Amino acid sequence: MDRSIRLPNRISNSEILYLCALVIYLSLMTLRTTFYAAFFQDPLYKLVCLGCIGLLVISEIMKEGYNLKLIIALAFVAFFILIIHRATSLVTAVPLLFIYCGRTYDIRRILRVACWVCIFWLGLIVVFSKIGFIENYLMDEKYKRPREFLGFRYALYAPTYLINIITIDFYLNREKIPLWRIAIYTFAGWYFFDRTDSRLCYGFTLFLILACIYLKLHSKIVIRPRPTLYRVLTFIIPFAWIIGTFASLYIAKIYNPKNAAMVKVDEMLTGRLGFSQKSLKQYGIPLLGQKIEWIGNGLNMDGQKERGEYLYVDNLYIQFLQRYGLLFAVILLGLLTLLMFEARRARDTHLLFVLSILAVHAMVDDLILHIWMNPFWIMLGSMVALLTDRREKVKMKFNVPGTEMAAHFKSPGVID
């Protein structure tokens, strides 16, 4: 029997182990995106990951008990871990365990913890880079586009962490986000853009800030769109990730480097269309994934630029299809679509908004694939429970008809 204690809210011992593993793993992976990565290479890296896996397995046994069902479930998880292992490495498959083991825990608490971990390390690394405790690498492309890395191994990391923080805060706090925090987000977004020249990230940051401001100012206004438009939107939006996948493949296919208009758009997207098309021609889309070593502008674990021909796919959909394979992509898209429909059924428009923004963001940035930059992936565990466990189907009913989901989708709280 999994007992509970008060911390100050009632929380089970198994969930405490889960959150401890989450804090350790998110901290480890965040530090590996910085110039401190040299201190977290093998074997220490694998040792910490194995420790997190051990905590997750223990928490699962405490929650479910050691039985045949747990063995079968872990066997399926191990199968997908092996698929990921074909493309990258075994330790990068740890997020699958976090997704599965987090299926019955309060997503509000998980997001809250992930947000604070992100805030702590982002602030600390940026400050350390400015005072000289960690290298602030400067990439100067022939004096045309100087970009500071702010202590990270890639210019996009710091802005992406900021997007992650704002997105979590938007979902958890909604119209309760104070104006002073919105002002901090605005300043931080401008500062990161000024230092890193991450234009697309800055655009998404501004959009999220405007959404926070709009929600703050119009929280008591109920917008009632025309019934026909409302039905169309609520039918289309849950398919956002599937639409993003086909749109990405179609755009990459029709891209013509001889078309002046397409070339102009590609230049605005810093070559993303051309590189996606080139990668699709070169590697194709396998069934079970493949190992691909793309070379981009980021630095390796030793803080050095990779040598070789530049070819990196920033489109998450295409990268996922090529690296992890068609089978895994279909399963992931199915779970995401199910999650969107469940959010629509619960009338959780904030979750629909967040997932839709992430679906669009995925077309130009692959970094949100990682749970340390996008912990919303952990919500997919509840969809696995919904499909495989009848008891979870009961728990997934609405606790307030027409407004909230029970269990995994309780009414969001605050992060401060």
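Trainee: Which residues of α14 are buried?

Mentor: This is a predicted model, where local features need pLDDT of at least 70, side-chain atom pairs count only at pLDDT 80 or more, and totals for chains, interfaces and linings use all residues. Residues are numbered from 1 along each chain as its sequence is written, and side-chain values use heavy atoms, with hydrogens and water left out. Buried means under 20% relative accessible area, exposed over 50%, partly exposed in between (1.4 Å probe, protein chains only), and helices (H or I, at least four residues) are DSSP runs numbered from the N terminus. For α14 the buried set is Phe328, Ala329, Leu332, Leu333, Leu335, Leu336, Thr337, Leu339, Met340, Glu342 and Ala343.

Trainee: And how far does α14 reach from its first C-alpha to its last?

Mentor: The helix has 20 residues, and an expected span is 1.5 Å times one less than the number of residues. That expectation is 28 Å, and the model comes close to it, at 28 Å.

Trainee: Is Leu326 buried, partly exposed or exposed?

Mentor: Leu326 sits in α14. Its relative accessible area is 42%, so call it partly exposed.

Trainee: What about Asp197, buried or exposed?

Mentor: Look for Asp197 in the loop between α7 (179-196) and α8 (199-217). Leaving aside neighbours within four places in sequence, Asp197 is in contact (heavy atoms within 4.5 Å) with Arg145, Pro146, Arg147 and Phe192. Its relative accessible area is 18%, so it counts as buried.

Technical notes: Helix = DSSP H or I, 4+ residues; strand = E, 2+ residues; numbered from the N terminus.
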